[in-house]
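I opened a new notebook page for this structure. These are my entries, in the order in which I looked things up.

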Amino acid sequence: MVNFTPEEKSLVTSLWSKVNVEEAGGEALGRLLVVYPWTQRFFDSFGNLSSASAIMGNPRVKAHGKKVLTSFGEAVKNMDNLKATFSKLSELHCDKLHVDPENFKLLGNVLVVVLASHFGKEFTPEVQAAWQKLVAGVANALSHKYH
Amino acid sequence: MVLSPEDKNHVRSTWDKIGGHGAEYGAEALERMFTSFPTTKTYFPHFDVSHGSAQVKAHGKKVADALANAAGHLDDLPGALSALSDLHAHKLRVDPVNFKLLSHCLLVTLANHHPAEFTPGVHASLDKFLASVSTVLTSKYR
């Protein structure tokens with residue numbers, strides 16, 4: 001189980017309070033699909049994903065990115081209890097969505113890169129480290145119910 | 001994995017933008033890596049890895065210079081990186097998983113300092129470039 005120190009929690013929550021979830025979510029999911037094009041395999045129904053600009057401007061990508069990052073907000077509120085928080089979503093991703101958990105790691109790291117690009121000096125090595133711990137914890141929690 | 005002409009242009013223009021900041025960014029990427037992924041410190045037991053360390057600064061410059069060299073020889077990465085490839089295979093023997101960790105921290109550093117230039121397309125090209133460099137550096141491992 002991941003253990004967050006009070007300081008790590010504080011670093012995560014104070015940055016999170018400044019995140020525009022809609023914007024950052026769309027950007028993170030969009031970049032995932034651009035940088036790792038094989039991840040598009042889950043989004044055949046999303047329409048035009050033929051170029052970086054098509055992907056980043058695609059309204060379904062943006063909407064889904066917002067959904068995903070909103071769910072991430074639950075992680076921030078429940079950092080001591082990630083496995084329970086994501087238990088149902090884990091089952092969904094295995095049984096219905098059939099997503100290889102490797103993809104959770106890819107998205108987590110893309111999110112970290114997006115935060116780095118938005119927050120400049122504020123995104124110190126310590127802030128990054130706390131977030132790396134969180135995205136790894138979420139990835140683990142989402143894979144926990146796989147069978 | 002092949003770098004397209006567009007990828008190569010993205011890499012070159014990124015290195016132009018980096019200018020004289022290479023050493024600084026190299027050191028920052030290492031610091032980010034040591035802080036986020038403490039297992040990477042096992043390769044540097046002889047280093048002071050604290051913030052501002054002169055050893056980390058010097059090593060950051062080495063890494064940056066090697067990447068700048070690679071960026072200048074995109075049509076022959078195996079040739080340009082041959083000596084470093086030997087070094088990593090026979091002497092350093094850094095487990096391949098760590099190249100992804102450093103590559104990620106290099107991307108974080110670049111995104112952090114040059115957000116406007118770090119478009120999704122550039123991000124993709126740089127990720128491919130660093131993955132290609134990593135592949136070459138581990139190519140003689142066995």
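I began with a rule: a salt bridge is a side-chain nitrogen of Lys or Arg within 4 Å of a carboxyl oxygen of Asp or Glu. I applied the rule across the interface of chain B and chain A and got 0 salt bridges.

Ground rules next. I am reading a predicted model, where local features need pLDDT of at least 70, side-chain atom pairs count only at pLDDT 80 or more, and totals for chains, interfaces and linings use all residues. Residues are numbered from 1 along each chain as its sequence is written, chains are lettered from A and ligands numbered from 1 in the order in which they are written, and side-chain values use heavy atoms, with hydrogens and water left out.

**The interface**

How many residue pairs are in polar contact across the interface of chain B and chain A? I noted 10, both residues at pLDDT 80 or more. A polar contact is a pair of N or O atoms within 3.5 Å; within protein, one must be able to donate a hydrogen and the other to accept it, and residues adjacent in sequence count only if both atoms are side-chain atoms.

On chain B, helix H2 (22–36), helix H6 (97–113) and helix H7 (120–137) each give two or more residues to the side that touches chain A. Helices here are DSSP runs (H or I, at least four residues), numbered from the N terminus.

I also looked up the buried area, the accessible area (1.4 Å probe) that two parts lose on being put together, summed over both. Between chain B and chain A it is about 1600 Å², and carbon and sulfur atoms give 60% of that. Chain B puts 18 residues into the contact, and chain A puts in 18 residues. Contact means heavy atoms within 4.5 Å.

**Chain B as a whole**

I found 7 helices and 0 strands in chain B; strands would be DSSP runs of E, at least two residues. The C-alpha trace of chain B spans about 40 × 35 × 20 Å along its principal axes.

**Two residues**

Ser132(B) sits in helix H7 of chain B. Ser132(B) is buried, at 9% relative accessibility. Leaving out residues up to four places away in sequence, Ser132(B) touches Met1(B), Leu3(B) and Leu77(B).

Asn103(A) is in helix H7 (residues 102–119) of chain A. Asn103(A) is buried, with a relative accessible area of 11%. With residues up to four places away in sequence not counted, Asn103(A) touches Thr39(A) and Phe42(A).

Methods:
Buried < 20%, exposed > 50% of the residue type's maximum accessible area, 1.4 Å probe, protein only.
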